[in-house]
Amino acid sequence: MGQSKLRLLVILLGALIVLGNISSGCSKKNPEHQKNDRLLIALSACDKNNARSIALISSVLEEAEKNNMSIEWRCAGGSFTKQKEDIKKLLELMPQYLIIVPARSLGLGEAIKEANQQGTKVILLDGQVNDVTENEYLCRISTDPEWEGIASARIIGEFFNGKKAKVLEIQGKKGTSVSKERSSGFRKELCNYPNLEIAGVVYGDFDRTVTQQNIRKFIEAGKEFDAIFAHSDEEGLGALEVLRKLWDDEIRIPIVSVNGQQDVKKALIANKYYACVESTPYLGNHVIHVIQNDMCGARISREIIVEGKVVTRDNVSELMGY
Amino acid sequence: MIMKKKSEIRKKFLRYFGTFSVIPVVLFCTISFAYISSNQVKNKKSEVISEMEYVSKELDNLLQDVYRIGKTVSEDEKVHQVLNKTFSSVSERYTYDISLSNELSYVSKYYNTRIDVYIIGENGGLYKSGYNSFKEEEYRDKEWYQSIVNSDDLVWIEPYTGSLIAKTLNKYHLALGVPVINIKTGQATGAVVVELQIDELINYILEEKHGQQFYIVVPNTTMLIENENVKIYEEDRIIAIYEDSLYAYEKDDKKPDNIQQTFNNIAYWKKDFPSKATMEKNGYIFSYYQFEKSNWILVGTIKVLQLYKPLYNIILISVVGTVVLLIIAIFASYSMSKTVTKPILLLKESVANVQEGNLDVRIEKIGNDEIGDLSIQFNKMVISIKELVNRIYEEQKKLHEYELMLLQAQINPHFLYNTLDSLIWLLRMKQLDEAVKMTMALTNFFRTGLNKGKDTISLKEEVLNAESYLTIQQMRYKNKLSFNVSMDSRLEEFLLPKMILQPLVENSIYHGIKGKPNGGFIELKCYKTDDRVIISVTDNGLGISEEQLAYLKKQINKEVNHNSSSYGLINVNERLNLFFGERCQLKIESILGEGTTITIEITEGDNHV
């Protein structure tokens, strides 16, 4: 067969493949958002299974909308693996900024590097990622879990005022940076109160029902405690329910938790709760502020820490109660 | 006469190859397409129906859970107690809020996480099973709340976006409202709202790939008595699930065709039809499912044409595939016909060249097949023809030369002069009889020699020619020459080239008898032995020496070139060879001083080679 015939055959087969591809619709389409003139930002949320997460996500969505930004978001439902997939899918949309509420402090480095490679700036929100360098993200906006732990220890320390007491610590999910930092701050501060000691640690997974089950087990094991420090309101409210049933609706020990959600506000008003360290979820305005400043070329702080507030029965009206 | 148009072999090949390659291609593509498309449509239809069943069952199970939870919670004693309570303070109300909410939290755990229970008390109490916070609105003023507490029965709230009660990021919900009635007073003390989050289901519906559209039909037929007449109000609604929104169509709204069709069908579905069925009507496939605990009907519609949509790609691929295969088939047919016919055409062209006389045509070997062999055979044939033609040419050339010489010999001026001179003398001498005899002999000699221009002559005429010549010479040389001619009468019509014998007898006279003082005798004999014709000319002249005889034989056998003295004999031999081929042999025998015999032996057969 001559060379020209061979060439003709190759051209024909090539045409067939091209037509086949067209017919099967495998050509890549531009993401719709590229047509949109609005700035596209993406949000990868860790979960939306508690009031705080909902308030946090809502705050970012509302602020973005308010500032005429287009936002695409995905929720990992607490799954680290899913969050990595979410980030990949969000990056396919070529957003200018990617906001990550990390499900875990380790393992997202690779995804963040990918974002950097395609020119998407990363903002870490309400959490920490340890396997990235500072240059790999634009800014980290967070509350201060360590301070929240310290503040909680102080509240309990002041409550007992030198009297000996045992504190039961209810930690959130094992391995999360928030839990580690809150616990670290709490224990560090507790050293200043020699009268106080840790009665034990119970894991509540930031969940009311799980906490109830684990506290019951703790009590049934004959262990005693004089105060409760819960890493989250959900865990504090779970503990409250166990003690309410145990002591016939009378709460005899102080319960202190971090967050400041609606139910805790009610419990404070109902005099069933001692104090709450508010860890505001309304970080959306900070995120948008950072984006706007960055777009104007302003210098961005690598870390923005939004301070919390101690709320007791005395100043309960100041609690937003999301 | 109508000339039939000559068809080219190449076109024939192309036609046959084309036909036999195109038909299978077209048949294959058509059958494949028919098979794939029929399966595709069948599968697609069954997928669409399965999808509908999956969505229906999933939603029905959830609705049944919602129903059970709603009934259980609304009948719960503690719920009744709390809702009947009048709170003395916010603190007290919140205490109950927390405790009842904590107890309700187990509902979500034990049932489906997509189900949230909310209780709204007339006393201001707000209770919930999940982690979502309340919206902090006055729910008791809401229309949906009023419809629940004012109802005697369960109230299904059609799908809506957002949540009625909680702060949530979930998009789509539906709800069941159950009034909580104080048994003593008969008054509603609050409402249990079981809210079902249907994001996953709706996302599934929206993401499904078959193009089926789902609607929730809310049949709402009320019977009222107006002016003592029964009036039926059909206020059916259809909730269409679109991307990013839900839309409720009322009966009188302007609506898309498939929704209008669904409306038209509601009347049938509301009656005695089975709880689920699939039907094909007006170009649509309708599947409907009547939920067990609600009067809602889930409807899935798809245009029948939609089932054929995936075939567009198959059609496109088939058409493109068929066209490409056809092009390849035609291309292959063309190449094949060209490959096959090219050497044939080359052969044809070469044969035409040969026909036109070009015998230098050669075909380069075309492949190792039969046609290649044919080309070799053709070349051999052309070479043979060329050789043959050359040989014939040469032979013809020689023949013409010999004939020319023969003619020259015939009209030998010496012979003619001498004969005419002798004739004059005879006439002067008044020997008229002799003169007449010589004249007749000369006439016979020329008549038989010319032979009307023919090259061949019967032996009888040839002998007469030789005899005439001998007669003339005998009259010229008087008593010096005597001769005898004998011939087998069977050989009279035997054909041979003319002027064969005259040169032989001339040689006998001039080289044998003439030099003999006493003259000589020449005998010409024609006879037959077995299958051979023998013609011999014998003289008793001077004879030939052995050396000369050997040299003469070599000349006859073409081993050496002939000289002018032997030219007559060589001429005769050549002409006999040209005429009879190898069937004829010329022999020469001679003894010096005794004489010479020239014998021509011809084996019988076709006279001419």
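What share of the contacts in chain A with a separation of 6 or more comes from residues 24 or more positions apart? Read on to the first legend, and keep in mind that this is a predicted model.

**View 1. Chain A as a whole.** For contacts with a separation of 6 or more, the share from residues 24 or more positions apart is 74% in chain A. The chain is built with 10 helices and 12 strands. Chain A has 322 residues, and 47% of them are buried.

**View 2. Helices α3 and α4 of chain A, side by side.** Here α3(A) covers residues 80-92 and α4(A) covers residues 109-117. Their axes come within 10 Å and cross at roughly 5°. Angles under 35 degrees count as roughly parallel, so α3(A) is roughly parallel to α4(A). On the α3(A) side, the contact uses Lys84(A), Ile87(A), Lys88(A) and Leu91(A). Facing them from α4(A) are Ala111(A), Glu114(A) and Ala115(A). Sorted by class, this contact has 4 nonpolar and 3 charged residues, with no polar ones.

**View 3. Where chain A meets chain B.** Chain A puts 30 residues into this contact, and chain B puts in 26 residues. On the chain A side, at least two residues each come from α1 (3-24), α2 (51-66), α7 (208-220), α8 (233-246) and α9 (262-269).

**View 4. A closer look at the chain A side of that contact.** Which helix gives the largest share of the side of chain A that touches chain B? That's α1(A), with 7 residues. Taken by class, the residues on this side of chain A split into 11 nonpolar, 10 polar and 9 charged.

Methods:
Residues are numbered from 1 along each chain as its sequence is written. Chains are lettered from A and ligands numbered from 1 in the order in which they are written. This is a predicted model: local features need pLDDT of at least 70, side-chain atom pairs count only at pLDDT 80 or more; totals for chains, interfaces and linings use all residues. Axes are lines fitted to C-alpha atoms, for helices over the stretch in contact, and angles run from 0 to 180 degrees between N-to-C directions. Helices (H or I, at least four residues) and strands (E, at least two) are DSSP runs, numbered from the N terminus. Angles under 35 degrees count as roughly parallel, over 145 as roughly antiparallel, 65 to 115 as roughly perpendicular and the rest as oblique. Two residues are in contact if their C-beta atoms, placed from the backbone, lie within 7 Å. Ala, Val, Leu, Ile, Met, Phe, Trp, Tyr, Cys and Pro count as nonpolar, Asp, Glu, Lys and Arg as charged, and the others, Gly among them, as polar. A residue is buried if 20 or more other C-beta atoms lie within 10 Å of its own, exposed if 12 or fewer, and partly exposed in between; C-beta atoms are placed from the backbone.
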